[in-house]
Amino acid sequence: MKKLFFLFTVLLLFFITLFLLASAQQEIDKESTRLIKEYTTDEKFLNPLVDHIPESDTVPSPREILGYVVGTPKKLTYYADMIRYHKALAESSEKVELVPIGKTNWGRMMYIVVIASQETIANLEKYKTYIAQLSDPRRTPEIEAREIITKAKPMYFVSCNLHSWETGSAEMSMELAYRLAVSEHPFIKIIRDEAIVIIAPCLEPDGHDSFTDWYYRYRKDIDNERTRFPGPPYWGKYVFHDNNRDIEVSQPLTKNIIKMFLDWRPQVAHDLHESIPYLYVSTGTGPFYPALDPIITNEWHWLAFWEVTELTKMGMPGVWTHAFYTGWYPGYLIWVANLHNSIGRFYETFGNGGATTMERVLKREEEEGFRSRFNITKREWYRPWPPDDKILWSIRNNINYQQSGVLCGLNLVAKNSETVLYNFWKKGYNAVKKGQSEAPYAWIIPPEQRDPDETANVLNLLMTQGVEIHQTKEVAKVKEGTFPQGSYLVKMNQPYRTYAKTLLEVQDFPESASRPYDDVGWTLGYMHGVNTVRIDDKAILDVPAALIKEKIAFKGKIQGKTSKYGYVILHRGNNNLITARFALEGQEIYATEESFKIGKIDVPRGSFIILSDKTNPEEQSREISTVVKDLGLEVHAIKKEPQVKKHLLNLPRLALYHTWTNTQNSGWARFAFDQYEIPYALISKDRLRNGNLVEDFDVIIIPHQSAFTQPKNIVFGIDPKLGPIPYEKTEEFQSMGIVDQSQDITGGMGITGLKNLKDFVDLGGVLVLLGSSSKLALEYGLVRYISARAPRELSAPGSILKGERVDENSPILYGYEKNVPLYHSFGFIFNIPKEERKYIVLKYTKTDDILMSGYIKGAKELKGKAAIVNFPVEKGRVIMFNFNPLHRFQTKMDFMLVFNILLHFDDFEHE
């Protein structure tokens, strides 16, 4: 009887368990699930993690809000609708919080979506405090850190749609957020319970809507990958693809993300990109930047190989790692993590540049541009199951790969939370320890600098990234020299040592390394013209110094009591001089052609002389004081006229030309001019074709295009066979034609525009050609005798090289010493006959120390060759640069080379 009762009890418990399990099994959204399978072009591009949508009675799925499932063919979601969904998700779930993080250039609010367990969301500040404690090992020793780790949860930041044509991740973000919020699958539940997920649905909202407009207007029905139809000419207001290379933290997007990152301090930052099939998981070929803690590069591989293995195990082909980028350049957005003791990583998945399903051929006999470099269908040790030679590809396939990989990474971090958190603390500990035990121990930035404003910019950039800056309380005497009280001190014994060291030191890219993926030299002091001194003497750590807590600004002021004759503004290469000149447009201002002294003060050539206003001297003094105060300029009141040659500074009527094929570098030029408050007209091919340029403009600048742009691309532009392609704002397409507009962007300036440029110069105009645009004048005869050739052996990819003055009298070089740091990247070489060498303004040094930072091979080919040529043509001039002086708002030291041209556009006869 007891045996029967025992057997009955066991069976009863068994059936109760089965009933409870059946009751607990989560229902699925059958319609969304059906559509996902329909839109996936092959079942091998699906897996159990993403082949369904879980059902929820209280939380709406994307389909319920948008009216379509994520990944629907020919459907992209506008930013406002995307945020509308995330708001609905946050309002209906206690496991989700939507947090604004700042506005874009055009006023759209950026958001992050935070997802975790209900308890975690209710106590987010507590968990943020734990992470803040772990971020600084100076106040949290190991024994306390280990205790905190038992209570803390790792934070994993997923960022989407930085590059606007890479559309899959923005769509995917909605489904990922929903799945993380409602799924009861054990694989998902552990993520929600043991980690905090932070999703930025769209990093470039302005560009997202610009591209979405373009897609719906022009690309939706293009299903042939060989169709050469262009993408939109603009994403955001200024920068294009370089929004992922804003090393100077100049754009709102970058500022918002860095501010958010330093507030939350996630242990992983994972950026989602699209370029190559099917899923590349970042590690890199190396060389990895040597300042990185080895733990970080090992973590890259740990996560990557886990994800490659898991997705391969699920039957998904084409998941690989290693052979894509180097891991050297620190300007990518994810490097905010790598330089702050977290893990910065990215994906490259395969996108179609929209949401249209199409056949893609991955293996071709002929070259296939970007993808050809990676031989993508070849089996390698790092790509054991390569992509197919030919496939039918959809945006849903892309979303499946992105979401599956991210979930695997999240799951690994959640299961290994203590390891991830301890590594985070340990990397900070290692940074402090290295700063105390090995050189360099610090950098000193002396207070006396050629340009105080750029000195402040360098210091504030470091502080923006959380680096501690001190100011010495007394004279610092170390082996490197004696530095005055008030010097700025960047100690290396701090948690963010890696960031400070990486930006301040000189780069030495290995000669035997793989092809670099981007710039290899960026030394902050060289690029800003600021004297930064590496200190290897440990005694520097004992110098009394006070921590700076406020933003640094140097105020300009008028020195001297009387100004019977006028005022002198010193030209030491200060970029803000150009701002002052336009701000003081009503003043009569001259530039000195010789140096002189005011007492013991040396006044360089090019300094401004403002004649005293005898009728209203007090008002004039107030105006000058107001202008120079925030510009950090040095002004002296003078009693008598300096006995030096001088010329009147007239204001130029400036035009900045942009093509419709490449707006990135013209965007950086626009940004620089806007920041320095330089008035200009933005013109394109239509204005050049109309002619009579000299009636409206004194100076026309054509910015650098790209290192590999041919002059014919500038002249002839987009193939007219594809047109007409209007780029104008309409009622339906509100994000078009904001920066500039045209009824048809095809065709370029053409021969007509080229002739009008020639007429402009002949009649007295100044044509300024930056970088690759200089070849326009050389190959189409605007300048005779001089030619351009491609380097045979030279390779200097994104490096800082040493320039040397040639024309000592040229106004272009006012404010510069003998040598000038020049940013050089895959430039051409001027061929200049002996008779025309008198027009060289600046050249590359002949000496062996031509490389200042980065890498150069075949230097002999460039040594002594021209960098800037100022060539007279009839009544005007063509001024050509073989490098880009306005690179990414980064090369501040070179900006004045362009600004001086604007200041002295009609005074080159005084050379």
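Trainee: Is N662 buried or exposed?

Mentor: N662 counts as buried because its relative accessibility is 18%, and buried means under 20% relative accessible area, with exposed over 50% and partly exposed in between (1.4 Å probe, protein chains only). Keep in mind that this is a predicted model, where local features need pLDDT of at least 70, side-chain atom pairs count only at pLDDT 80 or more, and totals for chains, interfaces and linings use all residues. Residues are numbered from 1 along each chain as its sequence is written, and side-chain values use heavy atoms, with hydrogens and water left out.

Trainee: Where is N662 found?

Mentor: In the loop between β26 (654-657) and α21. Helices (H or I, at least four residues) and strands (E, at least two) are DSSP runs, numbered from the N terminus.

Trainee: What does the side chain of N662 reach?

Mentor: The backbone nitrogen of Q664, at 3.3 Å. A polar atom of the N662 side chain also lies 3.2 Å from the backbone oxygen of Q705.

Trainee: And which residues is N662 in contact with, leaving aside its neighbours within four places in sequence?

Mentor: Q705, S706 and T709. Contact means heavy atoms within 4.5 Å.

Trainee: Which lining residues are the closest to its centre?

Mentor: Of the 38 residues that line the second largest pocket, those are A456, N457, N460, L461 and K551. The elements that give two or more residues to this lining are α16 (452-464), α19 (576-583) and α21 (664-675).

Trainee: Which element gives the largest share of the lining?

Mentor: α16, with nine residues.

Trainee: How do the residues of the lining divide?

Mentor: Into 16 nonpolar, nine polar and 13 charged. Here Ala, Val, Leu, Ile, Met, Phe, Trp, Tyr, Cys and Pro count as nonpolar, Asp, Glu, Lys and Arg as charged, and the others, Gly among them, as polar.

Trainee: Back to loops. Where is the place of Q587?

Mentor: Q587 sits in the loop between α19 and β20 (589-592). At 12% relative accessibility, Q587 counts as buried.

Trainee: Which residues is Q587 in contact with, neighbours within four places aside?

Mentor: R581, I610, Q620 and E623. With E623 there is a side chain to side chain polar contact of 2.7 Å; a polar contact is a pair of N or O atoms within 3.5 Å, and within protein one must be able to donate a hydrogen and the other to accept it, while residues adjacent in sequence count only if both atoms are side-chain atoms.

Trainee: Now helices. How many residues of α8 are buried?

Mentor: 15 of its 15, so α8 is mostly covered. As for length, the 15 residues of α8 (residues 168-182) should span 21 Å at 1.5 Å a residue, and the end C-alpha atoms are 22 Å apart, which agrees. The expected span is 1.5 Å times one less than the number of residues.

Trainee: What about α26, how many of its residues are buried?

Mentor: Twelve of its twelve, including K892, D894 and N900. The twelve residues of α26 (residues 892-903) should span 16 Å, and the end C-alpha atoms are 17 Å apart, which agrees.

Trainee: What phi does N161 have?

Mentor: A positive one of about 60 degrees, although N161 is not a glycine. N161 is found in the loop between β3 (155-159) and α8, and is buried, with a relative accessible area of 0%.

Definitions and conventions:
1 Å grid on protein atoms, 1.4 Å probe; cavity = no way out; pocket = protein on both sides within 12 Å on 5 of 7 lines; lining within 4 Å.
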